[in-house]
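Please consider the chain shown below.

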Amino acid sequence: MSACIPTPSRQLDQNLRTTPAADSELLSWFENKARSRGYQLSDGQRRVIHCMAEQLAMLAGGQARSLYLHGSVGRGKSWLLDGFFQAAPVQAKRRLHFHDFFARLHQGMHRHRSHEDALGATLDELLGDCQVLCFDEFHVHDIGDAMLLTRLFNALFARGIFLLLTTNYAPEGLLPNPLYHQRFLPVIGLINGRMQVLEVGGETDFRSLPANREHQRFTQGHYVWPGDAAQRQALKVPDAQPVTLQVNRRDLRALACAGRQVMFAFDDLCEQATAVIDYLALAGLFDEWIIDGLDDLSECSLAAQQRFVNLVDVLYDQDIQVTVIGRRALADSLGGAITDLMRTRSRLGQLHQAGDATALACPR
């Protein structure tokens, strides 16, 4: 649940600065937003909001402790992060998807590789005088990235930046691969030592509630199978007219492209050497996507599975309307060994699903 939250009122911001009513004001604001969408806050969300209010009240004095929010998919972590970001009483703040930031961090460090402090120079470039940094969808799977994270977190804390991040994983669950987990323990220790770790619990998957569909373009999309002619006609899927797009100085084939709509073959997006930075660039150019030809993901390489996970993350975070044309039902398409597929299943499960053209004429 990551729909953007309108900026809180000036009165809320003033109360957060003076701190006495910060807790009740922030809680009331979240309660009203939840009520407007037809649900109530969970106990887990209330505990997190209380801690957020405490840290917001201490931001001005530089005494706030960074927050690490973890929990199952659909528990409202991104929604809470957005509310905190809007309420933070500072101008120098950034709200970033972790995929986006980390891709740009790698690019910047390569560009500044001759600099004595390539990481510092890149952070200057990416963050400037940022005081509050919010990361959504934090996770790590690559040992090379894991080693860089120790340096990154140390650098962010040394700069006095307040960090709030959301993730599906408790700190001890990051980089679970037994070949690498031991080498990642310094990062886990840094998180536990410098951040307040909070679980966002509850039984409700807020993404499944009908009211949330009204606020997102992503959830207006479709997942259809087997992708026959009648379904394609019902969805007005364009005929394939392959074109070559230039993405980050590389060629990428699209099956069709017109205005703000683009259609890709699954293999071109995920079986080729594409990356998050490519998906982000394309999301800035096209706000209606069609991905054609998803079959059984478990039969794909691990690299292709991870690319698909990353692709859906980007499309969801950027709120792109997407149609996925599969060869089998969604439940039979998303097998695989990548842990983050639980998030992909949850997100694609929000799309209108149809196994025939008749169902497309009467979406749920």
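Which residues of helix α5 meet which residues of α7? From α5 come Phe98, Phe101, Phe102, Leu105, His106 and Met109, and they meet Asp145, Leu148, Leu149, Arg151 and Leu152 in α7; contact here means heavy atoms within 4.5 Å. The model is a predicted one, in which local features need pLDDT of at least 70 and side-chain atom pairs count only at pLDDT 80 or more, while totals for chains, interfaces and linings use all residues. Residues are numbered from 1 along each chain as its sequence is written, and side-chain values use heavy atoms, with hydrogens and water left out.

Two packed helices are described by the angle between their axes and the distance between the axes. Axes are lines fitted to C-alpha atoms, for helices over the stretch in contact, and angles run from 0 to 180 degrees between N-to-C directions. The axes of α5 (residues 98-111) and α7 come within 12 Å and cross at roughly 90 degrees. That angle makes α5 roughly perpendicular to α7, a term for angles of 65 to 115 degrees; angles under 35 degrees count as roughly parallel, those over 145 as roughly antiparallel, and the rest as oblique. By class, the contact of α5 with α7 has 8 nonpolar, 1 polar and 2 charged residues. In this scheme Ala, Val, Leu, Ile, Met, Phe, Trp, Tyr, Cys and Pro count as nonpolar, Asp, Glu, Lys and Arg as charged, and the others, Gly among them, as polar.

Helix α7 (residues 143-158) also packs against helix α6 (residues 118-127), at an angle of about 60 degrees and with the axes 11 Å apart. The two helices are therefore oblique to each other. Their crossing is right-handed, that is, the near helix is turned clockwise from the far one by less than a right angle. Leu119, Leu123 and Leu127 of α6 make this contact with Arg151, Leu152, Ala155 and Leu156 of α7. The residues involved comprise 6 nonpolar, no polar and 1 charged.

The description now turns to the whole chain. It contains 15 helices and 13 strands; helices (H or I, at least four residues) and strands (E, at least two) are DSSP runs, numbered from the N terminus. Of its 364 residues, 54% count as buried, a label for under 20% relative accessible area, with exposed meaning over 50% and partly exposed in between (1.4 Å probe, protein chains only). Among contacts with a separation of 6 or more, 77% join residues 24 or more positions apart.

Thr344 provides a local example in helix α14 (residues 341-348). Its relative accessibility is 0%, so Thr344 counts as buried. Leaving aside neighbours within four places in sequence, Thr344 is in contact with Phe308, Val309, Val312 and Leu334. The C-alpha atoms of Thr344 and Val309 are separated by 5.9 Å, although these residues lie 35 apart along the chain.

Several loops carry backbone features of note. Between β6 (222-224) and α10 (229-234), the loop holds Pro226, and the peptide bond from Trp225 to Pro226 is cis, with omega near 5 degrees. Asn248, in the loop between β7 (243-247) and β8 (250-254), is not a glycine but has a positive phi of about 50 degrees. Asn248 is partly exposed, with a relative accessible area of 32%. Asp319, in the loop between α13 (302-317) and β12 (321-326), likewise has a positive phi, near 55 degrees.
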